Amino acid sequence: MWYSILDTLILIRDDNHMALLEILYFPDPRLRNIAKPVQTVDAGIRQLLDDMLDTMYAAPGIGLAATQINSDKRVVVIDVSEEKDQPLCLINPEILELEGVEEMEEGCLSVPGVFETVQRADQVRLRALDRDGKSVEIQAGGLLAVCIQHEIDHLDGKLFVDYLSQLKRTRIRKKLEKEQRQTNPEVDAKSSQRVI
């Protein structure tokens, strides 16, 4: 059973420990935090991966970085399959090589309702640890390559809106701040902290 996270509530479901985690929204300054490498892949990290996958699928999205749920771990989950049955868990991902150029419309769970064209590499080769702590090397192209770069940007405190013009970023920030004030009046007090 899936839950909607329109309000990004934290929900726990009985003994399965399915958790839908709170997703941070731009311009929250915590999205600018730089994630720290995971020292040991243990049960806690695997639970984080599972909770992130549950959150990503429920949102719905195709990728989620730990910084988006206010975790300082260098962890990413991705699933670009149509059936949503091919989860990719990357711990401490490191891009080794980028090739080509791709322009693709991107969106982001932390920037809801905004879709803009961004230019990125078309091919990516990376090294990471999988959910069992084993080192893997992955070669990816197209949507998966773009998604990997997008999520690793999150780990480095960067958002896809950073690739846009200052004018577009400002418009997006103002729109999202207005929406947040309308749905959550206490955000008004925090909105003086503007990060672009």
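Which residues does leucine 64 touch, not counting residues up to four places away in sequence?

1. Leucine 64 touches Met52, Thr55, Met56, Ile69, Val75, Val76, Val77, Leu109 and Glu151. Contact here means heavy atoms within 4.5 Å.

2. A note on the basis: this is a predicted model, where local features need pLDDT of at least 70 and side-chain atom pairs count only at pLDDT 80 or more, while totals for chains, interfaces and linings use all residues. Residues are numbered from 1 along each chain as its sequence is written, and side-chain values use heavy atoms, with hydrogens and water left out.

3. The largest nonpolar core has 20 residues. Such a core is a set of buried Ala, Val, Leu, Ile, Met, Phe, Trp, Tyr and Cys residues joined through side-chain atoms within 4.5 Å; buried means under 20% relative accessible area (1.4 Å probe, protein chains only). Leu49, Met52, Leu64, Ile69, Val75, Val77 and Ile91 touch the most other members. Helix H1 (43-58), strand E4 (75-78) and strand E5 (88-99) each give two or more residues. H1 gives the most, with seven. Helices (H or I, at least four residues) and strands (E, at least two) are DSSP runs, numbered from the N terminus.

4. A second, separate core has 15 residues, including Leu126, Ala128, Ala140 and Cys147. Cysteine 147 is buried, at 5% relative accessible area.

5. Five strands form an open sheet in the order E3-E4-E5-E8-E9, with antiparallel pairing. Pairing takes at least two DSSP bridges between two strands. E8 (residues 123-129) and E9 pair over seven bridges. Arginine 125 stands opposite glutamine 139 in E9.

6. The count of disulfides (cysteine sulfur pairs within 2.5 Å) is zero. For cysteine 147, the nearest cysteine sulfur is that of cysteine 108, 9.9 Å away.

Note on methods: Buried < 20%, exposed > 50% of the residue type's maximum accessible area, 1.4 Å probe, protein only.
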